[in-house]
Amino acid sequence: MSRHVTRMTIDDAEHYTPKQRADIIAGYPEHEREARAKGIPVLGSGRIFPVTDESISIDPIPIPKHWPQINGLDFGWDHPQACVNLAWDRDSDIVYICKTYKKSQTTPEVAAITIRNWGSWVPTAWPHDGYQHDKGSGKELASQYRAAKVNMLQEHATHKEGGFGVEAGLMEMLDRMKSGRLKVFRILTEWFDEFRLYHRQDGKVVKEFDDLMSATRIGMMMLRFAKVNEEQELPEIDINYIV
């Protein structure tokens with residue numbers, strides 16, 4: 001039996017005017033507003049990232065050419081595969097989540113089209129299950145993306161200190177969120193949908209509807225391998241000024 005879940009917020013209730021929606025939200029106790037209006041779990045009630053949308057979201061900005069970039073990739077088939085593009089302002093140590101891709105039952109060749117369009121030079125970090133072999137082709141998952149000309153890093157994602165524990169990656173993301181060093185383009189609605197509902201149950205991370213969160217964590221783990229576009233066009237040199 002198949003099942004589909006449709007998530008709606010009060011902003012989707014178009015039979016209310018904007019003023020009516022604002023009045024309804026204002027009528028809720030302040031600490032319940034996100035939960036009642038957007039379906040966001042109450043802060044502290046199992047949410048992995050107990051911070052508000054507003055504290056991390058920004059309008060899209062042009063990415064300076066000298067900022068290094070990296071992609072984080074999470075493999076999937078029935079549950080979506082997901083990829084996130086991150087840009088790093090090293091001077092301020094702020095990471096910007098700029099682009100996302102999420103799709104179920106899509107081959108590496110098809111996903112690669114979008115990832116390459118973000119910049120074929122951008123390195124892509126991937127999790128340790130990339131060594132697993134696809135049941136159909138018998139090839140490693142990571143190798144399939146390489147064959148599709150995605151710039152995959154040579155080894156799977158690990159923390160700088162070693163290992164690839166999930167909790168350490170989540171704590172790094174949360175620390176950046178709380179310190180203002182992780183910003184997300186507000187147009188990335190799928191990313192925020194997952195962010196709001198990402199939670200623990202009985203102390204364990206719920207591994208559902210978490211594909212973009214996982215891709216973000218993987219990209220963050222390998223931020224040290226982000227790189228600047230070395231294929232940028234260099235400015236023309238006026239030979240009359242060459243001595």
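Modeller: Strand S3 (residues 81-89) is largely enclosed by the rest of the structure, because nine of its nine residues are buried; buried means under 20% relative accessible area, exposed over 50% and partly exposed in between, with a 1.4 Å probe and protein chains only. Strands here are DSSP runs (E, at least two residues), and helices are runs of H or I of at least four residues, both numbered from the N terminus. The model is predicted, so local features need pLDDT of at least 70 and side-chain atom pairs count only at pLDDT 80 or more, while totals for chains, interfaces and linings use all residues. Residues are numbered from 1 along each chain as its sequence is written, and side-chain values use heavy atoms, with hydrogens and water left out.

In a regular strand the side chains alternate between the two faces of the sheet. From S3, Gln81, Cys83, Asn85, Ala87 and Asp89 point one way, whereas Ala82, Val84, Leu86 and Trp88 point the other way, and all are buried.

Two strands count as paired if DSSP finds at least two bridges between them. Strand S2 (residues 69-74) runs antiparallel to S3 and is joined to it by six bridges. In this pairing Ile70 stands opposite Leu86, and six residues lie between the two strands of the hairpin that S2 and S3 form. S3 is also joined by nine bridges to strand S4 (residues 94-103), again in an antiparallel arrangement. Here Val84 stands opposite Thr100 of S4. S3 and S4 form a hairpin with four residues between them, and Asp93 in that turn has a positive phi of about 55 degrees.
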